Amino acid sequence: MSSPKVFVLSSVAGGGKSTLIQLIRQKHPEIAFSISCTTRERRQGETEGLSYYFLSKEEFEEGIKSGRFLEWARVHDHYYGTPFKFVEDCLSSGKSVIMDLDVQGAASLRQKLGEKAVSIFILPPNEKEWENRLRGRGTDSEEEIQKRIRNGKAELARKEEFDFILVNDTLEKALSKLESILFQI
Ligand code: ADP
Ligand code: 5GP
């Protein structure tokens, strides 16, 4: 890889970005993963400081005021934000970073980082499979799922803003397409 980059993956909820990032983290530890802060509830299987830093609303709002976040957004009624210092430290030591952001966060990073940011929208192969995967994950209530599908339609409408659109058909193919983006830039 040439100069260090910030790879931003976005998708609708259930599009597969966490799964793909998990595979990249296992296979390519030379790419750093930016752990976001959030005010949402911890899901089963998630670990503080590995999946997210789980903050209270007050802690998050304090972080906004003190400039802790490179970008932040409200998604599905919760705050999410990228700690500034980690990304800055990685880039200044020549390390690329991968992160999982919503479409607002991706737009904000493109604006802040210019060519250093490479944005990738992960697209489920079709609407039926998208809903199946979202339900099959078993992490969200039906009400949450309906909200994520409604919000997802607005997110899908912004996919053309991204540098790359990657269809997540089989995991094997999607991983290989993602690797070709990460290592050819
Ligand atoms: P996101 O992080 O974008 O919300 P996840 O990575 O949690 O999405 O994926 C949603 C669900 O779909 C998970 O249960 C995951 O195991 C499954 N999944 C992801 N990619 C694929 C794929 N290519 N084929 C089948 N299932 C997949
Ligand atoms: P989830 O609650 O499913 O983990 O994530 C919900 C949404 O928040 C996803 O679209 C995810 O990409 C986004 N997200 C996670 N971390 C951040 C962040 O630091 N900033 C922004 N803007 N979005 C984030």
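User: Which helix gives the most to the shell around ligand 1?
Analyst: Helix α1, residues 17–27, with 3 residues in the shell. Keep in mind that this is a predicted model.

User: How many residues surround ligand 1, and which are the closest?
Analyst: 15 residues surround ligand 1. The closest are G14, S18, T19, R137 and N168.

User: How does that shell divide into nonpolar, polar and charged?
Analyst: The shell around ligand 1 has 3 nonpolar, 8 polar and 4 charged residues.

User: Now contacts. What does K17 do there?
Analyst: One polar side-chain atom of K17 is 2.9 Å from an oxygen atom of ligand 1.

User: And G15, which part of it lies 3.2 Å from the ligand?
Analyst: A backbone N or O atom of G15, and the ligand 1 atom at that 3.2 Å distance is an oxygen.

User: Which ligand atom does R133 go to?
Analyst: A nitrogen atom of ligand 1, with a polar side-chain atom of R133 at 3.3 Å.

User: How much of ligand 1 does the protein cover?
Analyst: 77% of the 560 Å² of accessible area that ligand 1 has on its own.

User: Different topic. What domain does UniProt annotate for residues 4–183?
Analyst: The UniProt record, an unreviewed entry, annotates residues 4–183 as "domain: Guanylate kinase-like".

User: How much of that span is helix and strand, and how far apart are the ends?
Analyst: Residues 4–183 are 43% helix and 22% strand. The end C-alpha atoms of the span are 11 Å apart.

Note on methods
Residues are numbered from 1 along each chain as its sequence is written. Chains are lettered from A and ligands numbered from 1 in the order in which they are written. This is a predicted model: local features need pLDDT of at least 70, side-chain atom pairs count only at pLDDT 80 or more; totals for chains, interfaces and linings use all residues. Side-chain values use heavy atoms; hydrogens and water are left out. A residue is near a molecule or strand if one of its heavy atoms lies within 4 Å of it. A polar contact is a pair of N or O atoms within 3.5 Å; within protein, one must be able to donate a hydrogen and the other to accept it, and residues adjacent in sequence count only if both atoms are side-chain atoms. Accessible areas come from the Shrake-Rupley method with a 1.4 Å probe; for residues, only the protein chains shown count as cover. Helices (H or I, at least four residues) and strands (E, at least two) are DSSP runs, numbered from the N terminus. Ala, Val, Leu, Ile, Met, Phe, Trp, Tyr, Cys and Pro count as nonpolar, Asp, Glu, Lys and Arg as charged, and the others, Gly among them, as polar. UniProt positions are given in the numbering used here, feature names are shortened, and annotations may be inferred rather than shown by experiment.
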